[in-house]
Amino acid sequence: MPTTAPEIHVAAGALRDSNGRVLIAKRPDGVHQGGLWEFPGGKRELGETVLDALQRELQEELGITIDTNTAQPLIQIEHDYGDRQVLLDTWRIAGWTGEPVGL
């Protein structure tokens with residue numbers, strides 16, 4: 001009997017600046033889906049809200065602090081990769097402090 005992998009809840013941010021530019025990141029080679037483009041973010045940890053996870057991940061990955069008052073749900077997509085199931089929970093982010101840089 002096949003087993004179902006637990007769903008991984010991923011919080012992602014579509015950051016759009018005042019000039020209409022959207023920040024995307026390229027996944028490192030050698031990781032799941034390596035070399036593909038994505039919105040920055042990461043896995044939600046136990047007990048975190050989606051916005052808490054997004055705030056933590058964007059601080060860790062980009063060195064920014066999002067203004068959660070500007071955060072709006074954009075889209076949720078479920079995907080079964082065969083070896084893992086993912087819920088991609090993407091939010092529009094229009095305000096943050098700091099200059100995004102790949103960390």
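Q: How much space lies in the largest pocket?
A: Rolling a probe the size of a water molecule over the atoms shows where empty space is left. In this structure, which is a predicted model, the largest pocket holds about 940 Å³ of space.

Q: Which residues are the closest to the centre of the largest pocket?
A: The lining consists of 33 residues, and those closest to the centre are Val-10, Arg-27, Glu-38, Phe-39 and Gly-41.

Q: Which elements give two or more residues to the lining of the largest pocket?
A: They are strand 1, strand 2 (25–26), strand 3 (37–38), strand 4, helix 1 (50–62), strand 6 and strand 7. Strand 1 gives the most, with four residues.

Q: How do the residues of the lining divide into nonpolar, polar and charged?
A: The lining of the largest pocket has 19 nonpolar, seven polar and seven charged residues.

Q: What is the order of the strands in the open sheet?
A: Strands of a sheet pair through backbone hydrogen bonds, either parallel or antiparallel. Here, four strands form an open sheet in the order 4-1-7-6, and the pairing is mixed. Strand 4 (41–43) and strand 6 (72–80) are the edge strands, each pairing on one side only. From one strand to the next, the twist averages 15 degrees.

Q: How many bridges join strand 1 to strand 7?
A: Strand 1 (residues 7–15) and strand 7 (residues 85–93) run parallel and are joined by nine bridges.

Q: Which residue in strand 7 is the bridge partner of Ala-12?
A: The partner of Ala-12 is Thr-90.

Conventions. Residues numbered from 1 in each chain as written. Predicted model: local features only at pLDDT ≥ 70, side-chain atom pairs only at ≥ 80, totals over all residues. Heavy atoms only, no water. Pairing = 2+ DSSP bridges. Axes fitted to C-alpha atoms, helices over the stretch in contact; angles between N-to-C directions. 1 Å grid on protein atoms, 1.4 Å probe; cavity = no way out; pocket = protein on both sides within 12 Å on 5 of 7 lines; lining within 4 Å. Points joined across faces, edges and corners; volume = space filled by probe spheres on them. Nonpolar A, V, L, I, M, F, W, Y, C, P; charged D, E, K, R; others polar.
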